[in-house]
Amino acid sequence: MPKLESKIDVSAEGDMTSMIDMTFQLIAFFMILINFADAEANQDIKLPGSQLAVPPAAPPEDPIVVQMNRDGLILYSAEEFQPLAFVKKRLIVKRDLLKKGGKNPQTATVIIRADKNVATKFVREMLETCQELGFETFAFRAAALKLD
Amino acid sequence: MPKRRDVKAPDKIDINMTPMIDVVFQLMAFFLMTFKVASVEGDFNLKLPKSERSAGAANTQTEMINIVMRAQATGDLAVMQIDAAPPTRWSNANDAILFADLRAKIAAKVNAARGAGQEEPEVQIDADDNLRYEFIIKTVDAVSARVGEDGKVQQLAKKVKFAPR
């Protein structure tokens, strides 16, 4: 009996177009939403809430972000939270760098991201240290709450 | 004349998509892992020069509104006093009322000064060392702006400072 020769195409190629479309849409979504500036903000710090704190329209010219945890330790230009005495040395370096660059420290903005539970004493001490060094523009950062 | 060759163009050109898909997935993995739903943060911008601490008090032209905030041992607010008004005791229940009242008083003083064409009053916060920072921000929030009846934000005190120690 003669054998029937049937050819079956074994290559199964799925249509990838829709999957690639969707993947590109996902990438576009994440690219738009990603914010590297926020990534620098320490997430352990619980900011006080405020309805009237205004998100800055544009970043300040010379921002100095100082983050303070609930124990009054400060995160600035270092890997870990440090006491004020340590941070002061770093701030002196920053001030001198600004002066070398022909800038006035008064024009730099010290952004204070302090934990809502930190004692006022620590914030005041840091403020006074900054004032001693010639900084006088401050931005107190708060979590923006929706208006009622 | 030579016969024309029958050249058949291929029906389908297969592009190797594998490297592109690899890269795309790598990108997606990167964005997925670095993605954080961060809350929106806002600023209270204050100009606090060191010299102003003494100059402000000496300047008789500028009215000074003194807000005294005493703290409990826990760091919560105990009492708040605005100038010579009787101090108000704070509790969780009257928190919103207390700061709304402060906002209203500051708004009245600022609007009165603006109406009379005088220099706007300065606000000085005299807070206990152990008072939680949250209350300072609530106070700064209350004295610096309010939402008007038209829904627009009205700027109140522009000069806010801490009492010298």
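Helix H3 of chain B lies across strands E2, E3 (77-82), E4 and E5 of chain B and runs at about 15° to E3(B). Here helices (H or I, at least four residues) and strands (E, at least two) are DSSP runs numbered from the N terminus. Axes are lines fitted to C-alpha atoms, for helices over the stretch in contact, and angles run from 0 to 180 degrees between N-to-C directions. Two residues are in contact if their C-beta atoms, placed from the backbone, lie within 7 Å. Helix H4(B) also packs on the sheet, where it touches E2, E3, E5 and E8 of chain B, and its direction makes about 165° with that of E5(B).

The model is predicted: local features need pLDDT of at least 70 and side-chain atom pairs count only at pLDDT 80 or more, whereas totals for chains, interfaces and linings use all residues. Residues are numbered from 1 along each chain as its sequence is written, and chains are lettered from A and ligands numbered from 1 in the order in which they are written.

The sheet of chain B is open and has five strands in the order E4-E3-E2-E5-E8, with mixed pairing. Two strands pair if DSSP finds at least two bridges between them. The edges are formed by E4 (88-89) and E8 (159-162) of chain B, each of which pairs on one side only. Within the sheet, E2(B) (residues 64-71) and E5(B) (residues 122-127) pair in the parallel sense over six bridges. One of the residues concerned is Ile65(B), whose bridge partner in E5(B) is Val123(B).

H3(B) (residues 95-115) and H4(B) (residues 133-144) pack at an angle of about 35°, with their axes 8 Å apart. The crossing of H3(B) and H4(B) is right-handed; a crossing is called right-handed if the near helix is turned clockwise from the far one by less than a right angle, and left-handed if anticlockwise. H3(B) contributes Phe99(B), Leu102(B), Arg103(B) and Ile106(B) to the contact, and H4(B) contributes Lys138(B), Thr139(B), Ala142(B) and Val143(B). By class, five of these residues are nonpolar, one is polar and two are charged. In this classification, Ala, Val, Leu, Ile, Met, Phe, Trp, Tyr, Cys and Pro count as nonpolar, Asp, Glu, Lys and Arg as charged, and the others, Gly among them, as polar.

Chain B as a whole has four helices and eight strands, which run α-β-α-β-β-β-α-β-α-β-β-β from the N terminus on. Of its 165 residues, 24% count as buried. A residue is buried if 20 or more other C-beta atoms lie within 10 Å of its own, exposed if 12 or fewer, and partly exposed in between, the C-beta atoms being placed from the backbone. Asp83(B), in the loop between E3 and E4 of chain B, has a positive phi of about 50° although it is not a glycine. Asp83(B) is exposed, because 12 other C-beta atoms lie within 10 Å.

Chain A comprises four helices and five strands, in the pattern α-α-β-β-β-α-β-α-β along the sequence. Buried residues make up 27% of its 148 residues. Ile64(A), in strand E2 (residues 63-68) of chain A, counts as buried because it has 23 C-beta neighbours inside 10 Å. Leaving aside residues up to four places away in sequence, Ile64(A) touches Lys94(A), Ala108(A), Thr109(A), Val110(A) and Ile111(A). The C-alpha atoms of Ile64(A) and Ala139(A) are separated by 9.8 Å, although these residues are 75 apart along the chain.

Between the chains, 40 residues of chain B are in contact with 44 residues of chain A. On the side of chain B, the elements that give two or more residues are H1 (18-34), E1 (41-47), H4 and E6 (145-147). By class, this side has 24 nonpolar, seven polar and nine charged residues. Strand E5 (residues 137-144) of chain A runs antiparallel to E1(B), and seven bridges join them; Phe140(A), for example, has Phe44(B) as its bridge partner in E1(B).

Among the residues that make the contact are Phe24(A), Ile27(A) and Phe30(A) of H1(A) and Val24(B), Met28(B) and Phe31(B) of H1(B). The residues of this contact divide into 12 nonpolar, one polar and no charged.
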